[in-house]
Structures are given as structure tokens and as C-alpha cells.
Amino acid sequence: MDASGDGRNPRGPRARTHTRTRTRTRTRTGILLSAAAALVAAAVPASASQPAPAPAPDPVVVDCFSKGQVRPDEYLLACGDGNNRLVDLRWNTWGPKTATATGTDMVNDCRPYCAAGRFRPYPVTVTLSDPQPWPDRPGTQRFATIRLLYTDTAPAPVPKDVTYKLVYDTPSPTPTPSS
């Protein structure tokens, strides 16, 4: 306001617009600088900390050929003669402690003998558990137990709920006394 009290700016209407623009620019600059400072402050501690270690990979199930598999579609249970195979496996879970699937256990009835037998389907729920270190592959775990829960009938003489050990480690040789 001027000294005469008439409410006019002695510099004119252009000066008022210029002053408003300068104030808005300073406000925007202040907000942008504050935001940038906040981002830098948030980033500095994150970059100064150590990176988190990568999570261990989920365990594998070892097949008859000593190959580790994750979520296989099929799994041969009878490595020696091939007379028992899990097929059409649909994995519901595969985690660090257990893995579960549904599928079909195809079992040779071996009647009158295995070469002349027929493969019969048995619906089954499969659970892998008990992960153990795999000595042949450092840093890898393998499931050591498989549980088969037959959802209808089970192949005779197998019970409806059966658990097998999958890992057969060779025991250390027993030292023999020297003569």
C-alpha cells in the first residue's frame, strides 16, 4: 500500500503479478528441495547396510538317476524294476519344509508275474518332507521322506497311509583291525 492510503501499489498491477509468481516459484522450489532431501536421507541408510543374503533354494527330490527335481510331473518309486511310478502329479505346495501333490500311483500287479502284469491306477496324495543336506551337492537340500496317502483303495498289501525313506546314504566303512 502507498503512503497516500488509496490502496494502489505505486509500482502498478504488473508488479503485483510478478511478486505472486516469484512467491509461488520459491514455494515450489522449497517443496522440491525438501522432497529431494527426504529421498536422499531414506536412500543413504539403505545403501550403507549389507545386502540381505539370498534365501536358500527349496529342497529337491532326488530321482533314480541321482538328479534333483523340483515339482516333477512323474516320479519313479521302484528304481530297480520300474513297477511303481507316480504320474500326473499336480503340486499344491513346494516349500522349504514340505511339498504336497495329488496324482496317481501306477502299480504293476505282477499277476501272474511282473513281466505279464498290468499297471493299475491308485489315486494318491503325496507329501515330501524331512529335508536333509545333499552330500553330493553342497548348499542343496533334498527331501528324505515320502508319504503316500491313497484316497480310494491302496494296492495290496500296502496300507492306505504309508511313509518311505527316500535317501539311502551309504554308511561309512567300518575300520577293520590290522593283523
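**Figure 1. Aspartate 130 in strand 6.** Aspartate 130 lies in strand 6 of this predicted model. Strands (E, at least two residues) and helices (H or I, at least four) are DSSP runs numbered from the N terminus. The phi angle of aspartate 130 is positive, about 55 degrees, although the residue is not a glycine. Most residues other than glycine have a negative phi. Aspartate 130 is classed as partly exposed because its relative accessibility is 37%, where buried means under 20% relative accessible area, exposed over 50%, and partly exposed in between (1.4 Å probe, protein chains only). Residues are numbered from 1 along each chain as its sequence is written, and side-chain values use heavy atoms, with hydrogens and water left out. Local features need pLDDT of at least 70 and side-chain atom pairs count only at pLDDT 80 or more, while totals for chains, interfaces and linings use all residues.

Figure 2. Serine 66 belongs to the loop between strand 1 and strand 2, and its phi is near 60 degrees, a positive value in a residue other than glycine. Serine 66 is partly exposed, with a relative accessible area of 43%. Aspartate 63 is found in the loop between strand 1 (61-62) and strand 2 (68-69). Aspartate 63 is buried and has no salt bridge; lysine 67, the nearest side chain of opposite charge, is 5.8 Å away. A salt bridge is a side-chain nitrogen of Lys or Arg within 4 Å of a carboxyl oxygen of Asp or Glu; for charge, Lys and Arg count as positive and Asp and Glu as negative, with His and the chain ends not counted. The side chains of aspartate 63 and glutamine 69 make a polar contact (2.7 Å), that is, a pair of N or O atoms within 3.5 Å; within protein, one must be able to donate a hydrogen and the other to accept it, and residues adjacent in sequence count only if both atoms are side-chain atoms. Neighbours within four places in sequence aside, aspartate 63 is in contact with Gln69 and Tyr75, contact meaning heavy atoms within 4.5 Å.

**Figure 3. Surroundings of proline 59.** Proline 59 sits in the loop between helix 1 (13-48) and strand 1. The residue counts as buried because its relative accessible area is 2%. Apart from neighbours within four places in sequence, proline 59 is in contact with Val70, Trp94, Gly95, Pro96, Pro131, Gln141, Arg142 and Phe143. The C-alpha atoms of proline 59 and lysine 97 are separated by 7.9 Å, with the two residues 38 apart along the chain.

**Figure 4. The largest nonpolar core.** This core has 19 residues, and those with the most contacts inside it are Leu86, Trp91, Val126, Leu128 and Leu148. At least two core residues come from each of strand 4 (84-94), strand 5 (99-108), strand 6 (119-133) and strand 7 (141-150). A nonpolar core is a set of buried Ala, Val, Leu, Ile, Met, Phe, Trp, Tyr and Cys residues joined through side-chain atoms within 4.5 Å. Not counting residues up to four places away in sequence, valine 126 touches Leu86, Leu89, Trp91, Ala99, Thr100, Ala101, Ile146, Arg147 and Leu148.

**Figure 5. Two cis peptide bonds.** Arginine 111 and proline 112 are joined by a cis peptide bond with omega about -5 degrees. Proline 112 lies in the loop between strand 5 and strand 6. A cis peptide bond also joins alanine 156 and proline 157, with omega about 0 degrees. Proline 157 is in the loop between strand 7 and strand 8 (161-165).
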